[in-house]
Each structure stands twice: as C-alpha cells, then as structure tokens.
Amino acid sequence: MNKDGIISQTLEKTMLTRRSFLKWSGVLGGTVALTGGVGLGFKVLDKAVAEEVKEGKWIPAPCWLDCGSKGFNKAYVVDGVIVRMGTDETVPESPDCPPLRSCGKGRASRNSYLNPTRLKYPMKRKNWEPGGGKKELRGKDEWVRISWDEALDIVSSELMRVRDAYGQASIYSCRPGTYLGRFLDLFGGFLQGWGAYSGGTWREPGKFNGFPASFNDRIDLRKTQLFVLWGSNPAWSRAGLPTYYYTQYKKAGAKFIFVDPLYNATAQVLADEWVPVRPATDHALILGMAHTLLVEDDPATNPLIDWDFLNRCTIGFDKDHMPEGADPKENFVDYVLGTYDGEPKTAEWAAEICGTPPEKIRALAREIAMTEHVVIAMSTSPSRVHNADSWPPVVMTFGAMTGHLGKSGSCVAQDGGHKTISNGGQALIRGGSSRSFNHPFQRAEPIGNALSGGGMGGASLDIIPLEKDGIPHTILGNVQSWPAVLEGKYQAAKDDIRPLNVQLMYHGHESKLTNCVGVMKGIEAHRKVEFVVTQNVWFNPDAQYSDVVLPVTSRWERYGDLAEGFREQLLWTHQLMEPWFEAKDDIWIARELGVRCGLDPKVIEPWSLKQEIFNQVADARVMNEDGETMEPLVTITNKDIQEFGVEGEPQQGRIPIKEFQEKGIYHVPRKEGDNYGSVALRAFRKDPENSPVKSASGKLEIHCQSYADYIKHRGWSEIRPIPTYNPPVEGYEDTFADWKNKVKGEYPLQKFDLHVARRTHSNYDNTPWLRETYPREVYMNSIDAAERGIKDGDTVLIRSRHGKVLRIVTVTDRIIPGAIAIGWGSWIDIDEETGIDMGGATNTLSGAIATGQEAKGYNSCNVQVEKWTGAPLLPDHLKPPKVPLKDENL
Amino acid sequence: MSTQLGFYFNSDNCVSCRTCVIACKDKNDNPLGVNFRRVISYEGGTWLPHPTVKGVMLPSNIFVYSVSVACMHCVKPICVEVCPTGAMTKHDNGIVAVNQDKCIGCRLCQQSCPYGAPQFNEVKGVMSKCDLCQDLIANGEKPACVASCPQRALDYGELSELRNKYGEGNSIEPLPDPSLTWPAVVINPHRQAQPPGQGTGRIVAEV
C-alpha cells in the first residue's frame, strides 16, 4: 500500500532512493556518521544514552549569518557535547511580545560547525611560491598542511613584499572584517570595496531626495487595511517574526496583495491576490498605475490623488510645483501623460513591458488609492537591477501621490535595513557605545583606512573627497572589481579612469567569489595576481582559489556576541565549544600579522574580546516606558566585575547582568497604546516647514537635480531628474533581438536571484542537513519548460552572456512565464574542462556590468535554458563534500 | 485510563520554511535519508493567454499550500499490526513508537504506513520514527517541531482537546484517506486546501 503512498512518492521525487544512498555512504565513509550530529568528542548521544547522562545546560548560541532578520538560538550542552538546539522561551506567547523563534538554519547550526568542510589547519597550495608560482593552478591545486608560524610568515612577508613593490593600493580586501580591517588600516591602508550588495539602488537616492522609506511601528500597522508586498518574501529571506507579524494582521482581516514574478512562500500564507510582474520591469508597472490615477482622478467626484500632500510636501510632481531654475517641462505628470514625448505611460504601455495584465494594473492603482490605510513594503530586490536608479524615486512618488506617506496605518518602505522590516521606528534597545569599537556604526578611536579617506568602507564617493592631503583615494566599486583587477584600471568618476595594480587579495569577511558578479572574470583575476589568502571557517570558493588558507574559529568558539534583534530585542550569546582543530580567532590572526609587520598589536586589539563584550553589555541602553528616555539595561555590582574578571564600574540598570547573561535575550515589553509607536514622516506631513526631510529643499524631491548630477558624476549612465523608466541592460527588452516585432534573441529568458531558506547568502551552503531539506534551487514555468522538453527534476544547463551553470529544475506555475528563479548563494564549482559551474552559482550568470550608482544588477540577467544531455546532477546532499586535505584523521 | 496524544497542524500558517523538519532531525540526530518530519507542497493552476492583449499571460487559479507530516500516532496503526516482533507498539498515551532493541529491520512497517513515518536507519540497521518526543514531553517540554515553528503552525496534545480547540479536520489533499489508519491529528486546512482524493493540483518539489 505504501509504495504508492503520497509521502514515499514525494521522498523519492526529491531524494535519491535508499539504494543509492547506501552506495554514497560507502564512498563517504565516516563522514555520514559525522553529519548525523556527532559532538566534538565524537560521541554519539542517542536517546537511550542521554537518559543515563547527567543533566545538561542550555547556553544561548550565536547566529550571525547576516540575513537581516534575527532568531534566538540556544544549545543544550551535556558533558561538553552540544546535543541539540532550541529557541526562545523566555517570554510567553503573545501577539504583543512574541518569543523570537529561530529558523531552519539556526536549527542546523550543529551540522554547520561540526562539519568535514570546516578548515582545520593552515594550508598552502602545493605549487605556490612567493610571487605566485604556478598561478594557473589556483582552484585546482593540491594542498599542503603548514604550521601557523609558517602560514603567518608567508602572509606577512607577501603583504610587505607586495606593498613595497606596488604600493598600498595593490592590496585588495573588499570587506576584511573588524580586526583584519584594523590591521590593514594600521598597515598603511588598503584597497577596500564600495557599493551596495543588498541595498540595490536604494543606497543613494534618499540622501538627495529626502525619502527615508521607513516602516511605521508594528503596532501602528494593526490599523492597515491593505498590504502590498512588492518583491518581498520575508518568510524565507527574513525568517521569523516579520512574517508572523504579517500573519497576525491577516488573521485580523487585512488584505494582502503580492507584486512579484513569483507566487512566493510568503504569498502562500498571506496573499489574497497575486499581481505577476516580469523581473526588472517594476518601474513600468508603477508608471502604468500613476497614469491610471492621473487620468481617472477627479478631486470632486473621484479623488484618487493626494494633491494636498503633493503640493505642500513635494517638488517636481507637476509644472506648477517645480524647483527654481528647473525646466517646467521636466515634471512627473507631463512625463507620465506623454505630453512631450508622445508616449503616454498607460496601463497598456506598461503591460507590454512588465507583462502584468493592464486591467490588473488599473485595479491595483485604484485599490491602493482608494484604501485609507495602505502599506507598500518592498525588499530591495526590484532595485538590484541595472539602470534602476530611478526606481526608488518613482516608489516615493507613487507613495506621495496615493497619500500613504506620513499617516498612521500607512507607509511606503523598503526593508534593506536589518532591523526595520515590518517594524519601524527608533531602536528601543541598543547594544554597544563609544567605549566599544566592535559595534557597527560606532567605533572608538578608529584607525581609518588612509586610502578611503579614513572612513569606513562603503561610504559614498560623493561624501569622501577623492583626494586629501595629496593622497589620491582609491576605493573599488564592487561591480567593477574583477574587470578592474584584470584590466589594471578602474573608474573613480566620470572621465576619471585611474590606474590600478592589484597584486594581493585578502578575503576576510565575505565570500567574494560567490557574492560578486562575473564569477568567470573573478577566477581569471584570482589567477592573475601574485598572492591570494583567505581566512574562513569553511573551505569555501575563496579558499579554494587561494595560495594560503587560514582556518578561523566561528563565534561558537569565542567568548560571546552581542547583537540587536529588531528594534525590541537584544541578544547576548556565548561560547559553546573549543576551537575546531587548529582554527584560530580572527583577532589573534590580526595581532600576529601586526607583530610580524612591526605594528603594535595593542592598537589592533586594545582590549580582549571578553572586555569588549562586557563593555557593550554595560553600555546597552533600553527605552523607558515614557518612550523618550533610556536607561542602562543591566545592573552591575563590584562582585560582578570581579567574577567576570574585567575592568568596569558598578551601575544601576533594569535587570542584573547575570540574568541577562543566562537568559541570553531581553525583550522590550510592548502593548497596544504604549509610548513606543512610530509613524514615518508624520511630523513632516503635518508641518514640512518645521520638520523638513533631509533634502536640499526640505521637501521630497520628485524632481531632484542633485541626484541626477550624482549619477552623472559616477560616469556609467545618466538619469533625468524626474523618475523616468530606463530599460535596463539585460532587462526584459534585451531578451529580444527585435523588440518591435517581439522576436526573441539568443538569451530569451530572465533570470532573477531568490533568497532561499536553505542559506543566508553563501553561508551554510555546505551544510548537509540543509542540502537535504532544501534539495531544489530553481523554479521554471511549465510553459517554458514544455517548449524545451524539460520535465520536473531534470538537470538543465542555464547559459548567459557571462557563464553557464547546471542545476536541477522544479517545473511550476508559480512563476511568470519567461522568468526563471535561482537560489542565490550556492558555492561555485567550476568543471575545468567544460567551464560549466556545477555548483550553479547565480553570479556565474550575472555580468560585471556597472550602471548608475553601481548597484549589483543580479535581477537583470538574460539566460537560455536547455535540457542537459550529459550525466544528471546529483542532489547537493549526495555530492561528496570538498575536503582539501587528504590525510584526514577523523 | 488511556489517552490519545497527537499533533495539530495549521496549513493556513505554513510557509514551507521546514524549520520543523530540521528541528526534528537535530533533536533525533538522524542521519541523511531519515527525516521523521517532512513538508510536502501541493500546487495547482495554470496560465492562459490574455484574451485581448498580445504577449501577456493571465495566471488562472494558481495556488500552493504545504503540509507538514510526521507520525500520525494513529488510532488504528497499521505499522503495529504488521510488526512481526512486537517492536512497534502503541503506548497508553497513544504514542506509537519502535523499540529498537526488538526491531529486526524487516521494514514491513515502512511498507505499510501511508504517511512514511517508520524509516530505516542505515547507521543503526533498525527502524526509527517520530515518537512525539516522548522524552521531552515527559520533562514538560514541547516536541522539538512544535517548539520550533516560527509561524506557530504546530501544536500537540490530547486529541479530544485539540479537536475542541482547533476543529475536526484531519486530512487535506495530498494526504491519504484518513479512514485507512485513523490518524490522531487535527489539521486546519489552508484557505485553498482541497479535500483528500479530490485534488486538481500536484505535488511539487519545493525549492
């Protein structure tokens, strides 16, 4: 009966049969047992044994995967062995103050940190020599275990040799991380990376047009009648509370409309309606909606447009409200109506581009305009598109015209920030202070990178002067990283091409090869320079293509971690295990390199991590009930200071420090009607003169010359001061050889990247439990699949102008025809003979194409897909793990 | 006086995040190939050409929902009936569990269960299955899956109490006909759920 049982069918569809599993487990040998959850002491703890063992202890466990959400994890430790994971149970279930439950990745943490692909020993490449040796073998060479002394000697001597031969800017570390960054700063500076990864084109415009794109407080949003979630899938990409809050609103009667190429997992639970849209065409859709409202609006009989807000609080919407000196023809209304270009941006005009039925475009526009309390919430994914610099401004314009800015129950917001999704407002609890230097956004005595003007990496080039005290500033835009390394030049600004001679790459705090567009060029770049070094927890692609690899500890193996949750939680997590084999802390490595380079390690690490964490905890502040003043979170006694073994002062706070340490999380208590509410732009709407936004005019600048000037200054492309649609490079239009007659070209489909539940960016890609639980990566429409003879579960070759990958496909009707969604962050795995990326990384397909403000255009990428006629791919969890050293002593 | 413990699952809240699958795997230290809890997604609908606008397609009745399944701790457990050694038993509290010391790994239970609950553990050479985390609940804790769900879509308890609290539903497509083994489960259907045996969609391998 059960062979045909539904559950077995599903198991067999998505995993290999048990017979195949047995064969592979033979090949993997002891690895299978390891991934079954063995503690560091290689003891297997099953239920029967557990009953005999003494009681364990729950220890709050760090998770720092940078997903933009937050979950609370804890580990049950018995006799030094981590037995299982758990989550927040410090507060009872309530809608007002729910526990901060973790996600599947948190639950799989053991399988990630007790894992054969973790780096155990320092290693060098067999065919490396100072200067590079056989550089062409990077990525496919053999590995030799070396001592820490030898490894650090090599790295420090190469750093000094390369710096002396080619200058500070020859050392490229896109994102080194805090401690390695301090070492490199002290070393005299280095070439740092610049530009948004997550933020897309939301990064810059708000600084010019004044639009903060913030959420209101989540309790305020209980008033909201309509949520439009645009390119938003928090159920997977920001797991945990954001979707749970949305679910509460849904159960209370709010309506949800999803605008997305994919009917995603969040839509599955929340959607009342799905408005399908082609990737990279969202701007056209909004213009179609704006046109609908402009032609149908009648302030007397059919008021659809908030003229009062537009007139008082914005400039540039129509010809009567232009900034001084601007061409009166250059206004948004006349652009949309086609007054001067003869092309009215009707719903039909939009439909041809975005694929959304025109009646749906009109209906959506009317519904947003006619509903009193509306939230338009988006991820930054519609902005991770080439030439999308005017997308955030058109979102702002649409929000302004539909009356949803600055009102209780309404907001227009993007969730590129990590704390604010579905819950905006000032943080109610803050960890860290000026006494800490490891807290993001605040640092004591920063050393500063001389090459980037002393500021933190990532600041806008318009803010940092390009030269100071005669030292030209050198900072490399992320999109142009690989072409710049290969060509020996980069574009600093319009008509400002500068020489560049990168000869050393140091991968510290990011998975550069995975996360940076143009993987095939990235590999070329790695084989060009004289030295590549990676320090990481796992043997990831950066490590694979390096000369020297340094194993680092995870945060499970060091003192602790303090992290803010959303605006309402603070998490203090602790060490769970001893360092893995010979892995060392990033901090230790930075100090040791410093010593070898003649630098003072005390400047690199002024005080111990324990002291640092203690400082941050001591300085944590929590909002009082009045909603205005803050108090210290923890009370510290002299006895506490002694027992912690740190320096400090006693203080009075809300809870004892030991209680916070044990629980690991503090929730700010919330309730309906509390003083913690927040409505974005409320004061501005009420009185724009006295509460202006941060633009030059103090109003929201729909016509924004300064932003257009900034984009022009970057030198890649131009935009108009009003938010017009700019067909993206490799957008929908570029899938055609002949747009007018709609004849498709060589790359007829549109690829976009999907944040999947399996990973956070590239993190945990190699975790076997996650590979097994999330075996598929690709959604393809059934019509597109049928045209190509592709069936569900087939291996397919996906090709772009920049590379080619293999993946197993899921054929579905949940995606708009013409689009293909691929899970983002999988590790590259290039077959050297065919040049095919067997790991299926999305950045093998995405090109290193710089436009506008140099946002990464992951979601504007044209591809072709065909059924693969070679050997089918194994599901990822059955691929043998990449373990660099053959002589395992497990 | 015996009770019947069982699970509650709310398909209307489930986002197929599969946190429950991994929480269970973690708690039970299961090897690859053994998952006491699994999530299956069921989708339907199609695309039709727009009647008047060339090049535009219309989504037609597109739906998807997910079902999280572990062991149903059935009232009439067929796995217990077929077990030749008496290793598989139904406890007084309704939990169906396998005694791995008695199990000989013949896999008859696996072949009989409509829900795929008993699974062969290659490492141990015997059957293994969800036991409602009986060690945890004896200690006053919740089963690992129930405690883990970020959408609060899982609960457990005495079946009659679950029915009072959540309703009487116990199956949706693509789950089997409940009259086969009388699963001790309450399922709140997804708003687009279809009745068992009357589905118009298909199981889809979830990304």
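In this predicted model, A:Thr851 sits in the loop that links helix H32 (842-845) to strand E38 (861-867) of chain A. Its relative accessibility is 5%, so A:Thr851 counts as buried. Apart from neighbours within four places in sequence, the contacts of A:Thr851 are A:His386, A:Asn387, A:Asp389, A:Trp716, A:Ser717 and A:Val729. A:Gly852 belongs to the loop between H32 and E38 of chain A as well, and with a relative accessible area of 0% this glycine is buried. Once neighbours within four places in sequence are set aside, A:Gly852 touches A:Asp389, A:Ile711, A:Arg714, A:Trp716 and A:Ser717. The C-alpha atoms of A:Gly852 and A:Ala708 lie 9.6 Å apart, although 144 residues separate the two in sequence.

Five strands of chain A form an open sheet in the order E10-E9-E8-E12-E13, and their pairing is parallel. Strand E10 (273-276) and strand E13 (411-414) are the edges of this sheet, each pairing on one side only. Between neighbouring strands the average turn is 15 degrees, with direction ignored. Strand pairing in general relies on backbone hydrogen bonds, in either a parallel or an antiparallel arrangement. Within the sheet, strand E8 (residues 226-230) and strand E12 (residues 374-378) of chain A run parallel and are joined by five bridges. Here A:Leu229 has A:Ala377 of E12(A) opposite it.

Two helices of chain A lie across these strands. Helix H13(A) lies across E8, strand E9 (255-260) and E10, at about 145 degrees to E8(A). Helix H17 (residues 358-370) of chain A lies across E8, E9, E10 and E12, and runs at about 125 degrees to E10(A).

Which helix has an axis that comes within 8 Å of the axis of helix H13 (residues 282-296) of chain A? The partner is helix H16 (residues 347-354) of chain A, and the two axes cross at roughly 170 degrees. H13(A) is therefore roughly antiparallel to H16(A). On the H13(A) side the contact is made by A:Ala284, A:Leu285, A:Leu287, A:Gly288 and A:Thr292, while H16(A) supplies A:Ala347, A:Trp349, A:Ala350, A:Ile353 and A:Cys354. By type, these contact residues of H13(A) and H16(A) comprise eight nonpolar, two polar and no charged.

Looking at A:Phe183 and leaving out its neighbours within four places in sequence, the contacts are A:Leu159, A:Ala590, A:Leu593, A:Gly594, A:Cys597, A:Leu599 and A:Ile604.

In chain B, strand E8 (residues 154-158) is mostly covered, since four of its five residues are buried. Strand E1 (residues 5-10) of chain B pairs with E8(B) in the antiparallel sense, over five bridges. In this pairing, B:Leu5 stands opposite B:Glu158 of E8(B).

Most residues other than glycine have a negative phi, and most peptide bonds are trans. By contrast, A:Phe581 has a positive phi, near 45 degrees. This phenylalanine lies in the loop between strand E24 (569-574) and helix H23 (586-596) of chain A, and its relative accessibility of 29% makes A:Phe581 partly exposed. In chain B, the loop between helix H6 (159-166) and strand E9 (185-188) holds B:Pro174. The peptide bond from B:Glu173 to B:Pro174 is cis, and its omega is near 10 degrees. B:Trp182 is found in the loop between H6 and E9 of chain B too; its phi is positive, at about 50 degrees, although B:Trp182 is not a glycine. With a relative accessible area of 43%, B:Trp182 is partly exposed.

Key: Residues numbered from 1 in each chain as written. Chains lettered and ligands numbered in written order. Predicted model: local features only at pLDDT ≥ 70, side-chain atom pairs only at ≥ 80, totals over all residues. Heavy atoms only, no water. Buried < 20%, exposed > 50% of the residue type's maximum accessible area, 1.4 Å probe, protein only. Pairing = 2+ DSSP bridges. Axes fitted to C-alpha atoms, helices over the stretch in contact; angles between N-to-C directions. Parallel < 35°, antiparallel > 145°, perpendicular 65-115°, else oblique. Contact = heavy atoms within 4.5 Å. Nonpolar A, V, L, I, M, F, W, Y, C, P; charged D, E, K, R; others polar.
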